[in-house]
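Dear colleague,

Please find the structure below, together with a short account of what was found in it. I would be grateful if you could read the two side by side.

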Amino acid sequence: MYPFVEDAGAHGYYEEGGIVLRPVIEVQMLGPGLTDPSQAPRLAGIVDSGSERSLAQQWVARAIGVTPDEASEITVGIGGQNRRVRFADVALRVSPFGLDPGAVFHEWTSRIGFFVDQWQPPWSLLLGHRGFFDEFTVTVSRLAQALAIEQSAVFEGRFAAEVAEVDSRDPRLR
């Protein structure tokens, strides 16, 4: 369970001047350029159910020593413009909120898109369907102002019959 965080850079969203809250979690990203995994950068990752892919800023690729593959370049629409991204396979870690920062809740490998064009999104990492939602069961509650992340099997165990009736494309969900 992770509480929402205040988006200090979001000005003018509410007429009444209220604060803007976002579903943000801390994620570590690992790459071959890190000789000590404990030195992996701790990134603020915004959980974005509207994004098909997980994307990161350029500096992150340099910091962890990955070189995104030029042949994997695609253009994505984000931030009101088309942006070029290139992909690399990296390991990611999520730690439980409020516990020892060295504790690892889950580690997985995913294909992350790194921006080619100079663009500074407000978050270092955008966690989308590919690379995050395909790894976890994610529950977002504005009312509770919190985000719950569980192993993917939780959803499958809770809704297996309904999923099998609705979607037979992925054999994992049958």
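Two strands are taken to pair if DSSP finds at least two bridges between them; strands (E, at least two residues) are DSSP runs, numbered from the N terminus. The model is predicted, so local features need pLDDT of at least 70 and side-chain atom pairs count only at pLDDT 80 or more, whereas totals for chains, interfaces and linings use all residues. Residues are numbered from 1 along each chain as its sequence is written, and side-chain values use heavy atoms, without hydrogens and water.

In an open sheet of three strands, the order is β1-β12-β11, with antiparallel pairing. Because β1 (2-3) and β11 each have a single partner strand, they stand at the edges, and one side of each is left without a neighbour in the sheet. Antiparallel β1 and β12 are joined by two bridges, and Tyr2 is found opposite Leu147 in β12.

The loop between β11 (136-141) and β12 (146-151) contains Gln145. Although Gln145 is not a glycine, its phi is positive, at about 55 degrees. Most residues other than glycine have a negative phi. Gln145 counts as partly exposed because its relative accessibility is 39% (buried is under 20% relative accessible area, exposed over 50%, partly exposed in between; 1.4 Å probe, protein chains only).

Yours sincerely

Key. Helix = DSSP H or I, 4+ residues; strand = E, 2+ residues; numbered from the N terminus.
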